[in-house]
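Thank you all for coming. I would like to walk through one chain this morning, beginning with the terms I rely on and then moving from the overall fold to single residues.

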Amino acid sequence: MKPQIVTTRDQSARLKACGVDPESADMFYTNYRTKPNAEIPLVKISPFGIREDLIPAWSLLALLALIPRCLYSTMGTEYRLELSTLRIHSEFEVQWYSGHDRWHPTDEKGKYVRLWDKSPIEACVKAIEWLTSKGIKLNDYDTDCN
């Protein structure tokens, strides 16, 4: 499996569809597929943001910065963010853990939502999709738990 350093074009489109601010991306793709190296992501160095003709791309670090470090149950239990590997599947999982139990992400029907994948970047994209579908605010900046 080729190592993935940033979101793919498809993953970037999914993040934008969730309302993720393109300014939070730390890299980009050019929108010129016919040019050499068009599929190689470039580091964002301009403080002026992503131009319309560029496609934002997020590194794992940028994605983790968007995901809330803590979620709180209605009872006030604090669940802290973890990115872990599943030994059986050799996949990465995004989860929140209180020290005693895990936050179980569910869809609108109450069915468990799978927030893991062989790619830690895809696992984070899935987590962001789930968070935004539940109306949970993404981090605007790096925050700590209580």
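Let me start with burial: I call a residue buried when its relative accessible area is under 20%, exposed when it is over 50%, and partly exposed in between, with a 1.4 Å probe and protein chains only. What you see is a predicted model, in which local features need pLDDT of at least 70 and side-chain atom pairs count only at pLDDT 80 or more, while totals for chains, interfaces and linings use all residues. Residues are numbered from 1 along each chain as its sequence is written, and side-chain values use heavy atoms, with hydrogens and water left out.

First, the overall picture. The chain has three helices and seven strands, where helices (H or I, at least four residues) and strands (E, at least two) are DSSP runs numbered from the N terminus. Along the sequence they follow the pattern α-β-β-β-α-β-β-β-β-α. Of the 146 residues in the chain, 40% are buried. If we take a contact to mean heavy atoms within 4.5 Å, then residues 24 or more positions apart account for 56% of the contacts with a separation of 6 or more.

Now to the sheet. Four strands form an open sheet in the order β4-β5-β6-β7, with antiparallel pairing; two strands pair here if DSSP finds at least two bridges between them. β4 (70–72) and β7 (116–117) stand at the edges, each with a single partner strand, so one side of each is left without a neighbour in the sheet. Helix α3 (residues 120–133) packs on this sheet and touches β4, β5 (78–86), β6 and β7, and its direction makes about 40 degrees with that of β6; the axes behind that angle are lines fitted to C-alpha atoms, for helices over the stretch in contact, and angles run from 0 to 180 degrees between N-to-C directions.

With β5 it pairs in the antiparallel sense over seven bridges, and L81 stands opposite W96 in β6. With β7 the antiparallel pairing runs over two bridges, and the bridge partner of E93 in β7 is W116. Five of the seven residues of β6 are buried, and the strand is thus mostly covered.

Which aromatic rings pair up? Rings of Phe, Tyr and Trp (its six-membered ring) pair if their centres lie within 6.5 Å, and planes under 30 degrees apart count as stacked, over 60 as edge-to-face and the rest as tilted. There are three aromatic pairs in the structure. For W96 and W130 the ring centres are 6.0 Å apart and the planes at 40 degrees, so the pair is tilted. This pair links distant parts of the chain, with W96 in strand β6 and W130 in helix α3, 34 residues apart. Both partners are buried, W96 with a relative accessible area of 0% and W130 with 6%. Y112 and W116 form a tilted pair, 6.1 Å centre to centre with 40 degrees between the planes; here Y112 is partly exposed at 41%, whereas W116 counts as buried at 17% relative accessibility.

N139 lies in the segment after α3 and is buried, with a relative accessible area of 13%. What does N139 touch? Not counting residues up to four places away in sequence, N139 touches A65, L66, I67, P68 and R69. N139 and I67 are 72 residues apart in sequence but 6.1 Å apart in space, C-alpha to C-alpha. The side chain of N139 also reaches the backbone oxygen of A65 at 3.2 Å. S59, in turn, lies in the loop between β3 (54–57) and α2 (60–66) and counts as buried at 12% relative accessibility. Leaving aside its neighbours within four places in sequence, S59 is in contact with I5, V6 and D26.

Methods:
A polar contact is a pair of N or O atoms within 3.5 Å; within protein, one must be able to donate a hydrogen and the other to accept it, and residues adjacent in sequence count only if both atoms are side-chain atoms.
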